[in-house]
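This briefing concerns a single protein chain, shown below with its sequence. Please keep the structure in view while reading the points that follow.

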Amino acid sequence: MWLLSTDRAELKSFASPDQVPGGYAVLSHVWDAESEAFTFQDVQNLKARCAILGASNPRDIMTPRIRDCCVLAESHGHQWLWTDMCCINRESSAELSEAINSMSLYYSLSSICYAYLQDVPAGYFSEVYLQMPNSPFRSSIWHQRGWTLQALIVPRLVLFLSQDWKPIGTKAE
C-alpha cells in the first residue's frame, strides 16, 4: 500500500494498512481532468520537479486537490493520506489489481475518510438547506459515482467537504 506523507506529499510503501503508524486518512472524490492528469509516476518525479522549479517542498507544487487534502489531513493530525488518484501505480497491473481488491480494507482501516464534493459551494451548510431535495449537497455528482457506497459505509468516520475544503458535516450527522 502506497501512502502520501501529508507534510511533503512524498510516497511511502507500507506492507499493509494496519501497519501504518498512527493510521491514515483517505480521500474520496470524483475523478476529473486534474485526477486523470496526476499519477503515481508524477508523484515519484516531484523531487526532480522541485529541483527544477526551486521549490523546497514537493507538496507546494502538487495539484491543488492533493495539496489541499494533505494540508487538511495534517491539520487534523494525520501523517499519511491515501487517494486512488496517485497512490496506485496504474502502470503495474498487479498493483492496480491489488489496490482495487483492497479498497474496502483501505477504507475500513482509515482513521477518517474525506468526501470531497467539488461541486458543492461554500456557505450552504444549514441543516434545513442540506435536506432540501435539490440542494447542491444532495445533487452532488459524488453521490452518483460507483465507489460512493463503499466510501460512505465502510469507514468509521466520513467528513463531507465543500469545494473550498470546509466541513459540511459527518455521515453520522
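Is Arg59 buried or exposed? With a relative accessibility of 13%, Arg59 counts as buried, where buried means under 20% relative accessible area, exposed over 50% and partly exposed in between, for a 1.4 Å probe and protein chains only. The model is predicted, so local features need pLDDT of at least 70 and side-chain atom pairs count only at pLDDT 80 or more, while totals for chains, interfaces and linings use all residues. Residues are numbered from 1 along each chain as its sequence is written, and side-chain values use heavy atoms, with hydrogens and water left out.

**The sheet**

- Seven strands make up an open sheet of mixed pairing, in the order 2-1-4-3-5-6-7; helices (H or I, at least four residues) and strands (E, at least two) are DSSP runs numbered from the N terminus, and two strands pair if DSSP finds at least two bridges between them.
- Strand 2 (11–13) and strand 7 (167–170) stand at the edges with a single partner strand each, so one side of each lacks a neighbour in the sheet.
- On average, and with direction ignored, neighbouring strands of this sheet are turned by 30 degrees against each other; axes are lines fitted to C-alpha atoms, for helices over the stretch in contact, and angles run from 0 to 180 degrees between N-to-C directions.
- Strand 1 (residues 2–5) and strand 4 (residues 80–83) run antiparallel and are joined by two bridges, with Ser5 opposite Trp80 in strand 4.
- Helix 5 (residues 93–108) packs on the sheet and touches strand 1, strand 3, strand 4 and strand 5, contact meaning heavy atoms within 4.5 Å. The direction of helix 5 makes about 110 degrees with that of strand 3.

- Strand 5 pairs in the parallel sense with strand 3 (residues 25–28) over four bridges, and Cys113 is the bridge partner of Val26.
- Strand 6 (residues 158–161) also runs parallel to strand 5, joined by four bridges; in strand 6, Val158 stands opposite Cys113.

**Leu81 in strand 4**

- Leu81 lies in strand 4 and counts as buried, at 0% relative accessibility.
- Not counting residues up to four places away in sequence, Leu81 touches Leu3, Leu4, Thr6, Ala25, Val26, Leu27, Cys69, Cys70 and Cys87.
- Leu81 and Trp2 are 79 residues apart in sequence, and their C-alpha atoms are 9.0 Å apart in space.

**Helix 4**

- At 1.5 Å a residue, the twelve residues of helix 4 (residues 64–75) should span 16 Å, and the end C-alpha atoms are 16 Å apart, which agrees; the expected span is 1.5 Å times one less than the number of residues.
- Arg65, Ile66, Cys69, Cys70, Leu72 and Ala73 are buried in helix 4. Seen down the helix axis, the buried residues fall within an arc of 165 degrees, so they line one face of helix 4; the arc is that of the directions from the helix axis to the C-beta atoms.

**Salt bridges**

- The count comes to three salt bridges, each defined as a side-chain nitrogen of Lys or Arg within 4 Å of a carboxyl oxygen of Asp or Glu.
- Glu74 forms a salt bridge with Arg59, the closest N and O atoms being 2.7 Å apart. This pair links distant parts of the chain, 15 residues apart: Glu74 is in helix 4, and Arg59 is in the loop between helix 3 (46–53) and helix 4. Glu74 is partly exposed, at 33% relative accessible area.
- Asp68 and Arg67 form a salt bridge in which the closest N and O atoms are 3.7 Å apart.
- Glu10 and Arg8 meet through their side chains in a salt bridge of 3.5 Å, N to O.

- Ala9 is not a glycine, yet has a positive phi of about 55 degrees; Ala9 lies in the loop between strand 1 and strand 2 and is buried at 1% relative accessibility.
- Trp165, also not a glycine, has a positive phi of about 70 degrees. Trp165 is found in the loop between strand 6 and strand 7 and counts as buried at 10% relative accessibility.
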